[in-house]
Amino acid sequence: MSATKNSSDDLRTEFDRLDGDKDGYITLQEFRAYHSKANKDDTAISKAFAAIDSDKDGLVTFEEFQRAYKD
């Protein structure tokens, strides 16, 4: 059970790191800014964001983020 809690805590930490303005959502701009520091390809970044943004509203909630990284 603690492994699940740690995983959830790790996801929350990562989500908070990506949420640059701390409004509770990750935008494509925040996602892109974070990942471009690692020299990731812009197309790959956009595709990854689209895959996580399951309701396609342009905002990733913690719940969407959690679902995307669940397994």
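This is a predicted model: local features need pLDDT of at least 70, side-chain atom pairs count only at pLDDT 80 or more; totals for chains, interfaces and linings use all residues.

Student: Where is Lys-22 found?

Tutor: Lys-22 is found in the loop between α1 (2–18) and β1. Residues are numbered from 1 along each chain as its sequence is written, and side-chain values use heavy atoms, with hydrogens and water left out.

Student: Why is Lys-22 called exposed?

Tutor: The relative accessible area decides it: under 20% is buried, over 50% is exposed, and anything in between is partly exposed (1.4 Å probe, protein chains only). Lys-22 has 56% relative accessibility, so it counts as exposed.

Student: What is the phi of Lys-22?

Tutor: Phi of Lys-22 is near 60 degrees, a positive value in a residue other than glycine. Most residues other than glycine have a negative phi. Asn-39, not a glycine either, also has a positive phi, of about 60 degrees.

Student: Where is Asn-39 found, and what makes it count as exposed?

Tutor: Asn-39 is found in the loop between α2 and α3. Its relative accessibility is 73%, so it counts as exposed.

Student: How many helices and strands does the protein have, by secondary structure?

Tutor: There are four helices and two strands, and from the N terminus on they run α-β-α-α-β-α.

Student: Which residues of helix α3 are buried, and what puts them on the same side?

Tutor: In α3 (residues 42–52), the buried residues are Ile-45, Phe-49 and Ile-52. They cover an arc of only 65 degrees around the axis, which puts them on the same side of α3. The arc is that of the directions from the helix axis to the C-beta atoms. Lys-47 and Ala-51 are exposed on the other side of α3.

Student: What do the buried residues of α3 pack against?

Tutor: They pack against β1 (26–27), α2 (28–36), β2 (59–60) and α4 (62–68).

Student: Why is Ile-45 called buried, and what does it touch?

Tutor: Ile-45 lies in helix α3 and has 5% relative accessibility, so it counts as buried. Contact means heavy atoms within 4.5 Å. Not counting residues up to four places away in sequence, Ile-45 touches Phe-31, Arg-32, His-35, Ser-36 and Lys-40. Ile-45 and His-35 are ten residues apart in sequence and 7.1 Å apart in space, C-alpha to C-alpha.

Student: Which residues of α2 are buried, and how do you know they share a side?

Tutor: The buried residues of α2 are Glu-30, Phe-31 and His-35. They cover an arc of only 120 degrees around the axis, which puts them on the same side of α2.

Student: What makes Tyr-34 partly exposed, and what is it in contact with?

Tutor: Tyr-34 lies in helix α2 and has a relative accessible area of 25%, so it is partly exposed. Leaving aside neighbours within four places in sequence, Tyr-34 is in contact with Glu-14, Arg-17 and Leu-18.

Student: Why is Ala-33 called partly exposed, and Asp-10 exposed?

Tutor: Ala-33, in helix α2, has a relative accessible area of 40%, so it is partly exposed. Asp-10, in helix α1, has a relative accessible area of 54%, so it is exposed.
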